[in-house]
Amino acid sequence: QVQLVESGGGLVQAGGSLRLSCAVSGLTFSAYVMGWFRQAPGKEREFVAAIRESGDRSSYADSVKGRFTISRDNAKNTVYLHMGSLKPEDTAVYYCAAKSSWYYFQYNYWGQGTQVTVSS
């Protein structure tokens with residue numbers, strides 16, 4: 001079955017950095033668009049970043065542009081989210097997700113999430 005397993009979350013001070021990883025199995029990783037989303041307490045889940053199948057195109061939410069970088073390693077079936085200049089408002093559970101086309105709205109598969117807490 002398809003599995004997406006996030007790791008790398010934790011507690012970090014404002015201004016610090018973290019790298020999240022998402023290891024994927026059970027699907028042809030290089031054929032899927034990968035995305036990162038987050039959900040803060042009491043808020044709806046929101047889009048953070050996405051990267052195309054080959055890694056040649058990515059998109060970001062305005063709130064993280066210039067601070068976060070999404071990347072992927074198709075040989076390792078892993079997608080990463082490099083987060084820098086972290087702010088307390090970045091505190092959330094971060095989820096990775098997969099969809100079969102850049103032009104589809106809906107993601108087909110989701111991980112369980114990893115907690116990121118940024119202290120002020």
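**Exercise 1. Two paired strands**

Task: In which sense do E1 and strand E3 (residues 18–25) pair, and over how many bridges?

Solution: Start with the two strands themselves: E1 and strand E3 (residues 18–25) run antiparallel to one another and share five bridges. Strands (E, at least two residues) and helices (H or I, at least four residues) are DSSP runs, numbered from the N terminus, and two strands pair if DSSP finds at least two bridges between them. Before going on, note that this is a predicted model, in which local features need pLDDT of at least 70 and side-chain atom pairs count only at pLDDT 80 or more, while totals for chains, interfaces and linings use all residues. Residues are numbered from 1 along each chain as its sequence is written, and side-chain values use heavy atoms, with hydrogens and water left out.

Next, look across the pairing. Leucine 4 stands opposite valine 24 in E3, and valine 5 faces alanine 23 of E3.

Finally, sort the residues of E1 by face. Leu4 and Glu6 make up the covered face, whereas Gln3, Val5 and Ser7 make up the uncovered one.

**Exercise 2. The order of the sheet**

Task: In what order do the four strands of the open sheet stand, and which strands are at the edges?

Solution: Read the sheet from one side to the other: the order is E1-E3-E8-E7, with antiparallel pairing. Strand E1 (3–7) and strand E7 (68–73) are at the edges with a single partner strand each, so one side of each has no neighbour in the sheet. From one strand to the next, the twist averages 15 degrees. For such angles, axes are lines fitted to C-alpha atoms (for helices over the stretch in contact), and the angles run from 0 to 180 degrees between N-to-C directions.

**Exercise 3. The disulfide**

Task: Which cysteines does the disulfide join, and why is the disulfide right-handed?

Then find the partners. Cysteine 22 is joined to cysteine 96, with an S to S distance of 1.9 Å. Cysteine 22 belongs to strand E3 and cysteine 96 to strand E9, so the bond ties together parts 74 residues apart in sequence.

Now take the torsion about the S-S bond of cysteine 22 and cysteine 96: it is about 45 degrees, so the disulfide is right-handed.

Last, check the surroundings. Buried means under 20% relative accessible area, exposed over 50%, and partly exposed in between (1.4 Å probe, protein chains only). Cysteine 22 has a relative accessible area of 0% and is buried; cysteine 96, also with 0%, is buried.

**Exercise 4. The nonpolar cores**

Task: How many residues does the largest nonpolar core have, and which of them have the most contacts inside it?

Solution: Begin with the rule: a nonpolar core is a set of buried Ala, Val, Leu, Ile, Met, Phe, Trp, Tyr and Cys residues joined through side-chain atoms within 4.5 Å. The largest one has 30 residues, and Trp36, Leu81, Met83 and Tyr94 have the most contacts inside it. At least two residues of this core come from each of E3, strand E4 (33–39), strand E5 (46–51), E7, E8, E9 and strand E11 (114–119). Another core, of six residues, lies apart from it and includes Val33, Phe37, Ala50 and Tyr107.

**Exercise 5. Rings around phenylalanine 37**

Task: What kind of aromatic pair do phenylalanine 37 and tyrosine 107 form?

Solution: Rings of Phe, Tyr and Trp (its six-membered ring) pair if their centres lie within 6.5 Å; planes under 30 degrees apart are stacked, over 60 edge-to-face, and the rest tilted. The structure holds five aromatic pairs.

Apply the rule to phenylalanine 37 and tyrosine 107: at 5.0 Å centre to centre and 85 degrees between the planes, the pair is edge-to-face. Phenylalanine 37 and tyrosine 107 are both buried.

Do likewise for phenylalanine 37 and tryptophan 110: with 4.8 Å between centres and 55 degrees between the planes, this pair is tilted. Tryptophan 110, at 28% relative accessibility, is partly exposed.

To finish, ring pairs link Phe37, Phe47, Tyr107 and Trp110 into a cluster. Arginine 45 lies over the face of tryptophan 110, 3.7 Å from the ring centre; the rule asks for NZ of Lys or CZ of Arg within 6 Å of the ring centre and within 35 degrees of the ring normal.

Methods
A disulfide is a pair of cysteine sulfur atoms within 2.5 Å.
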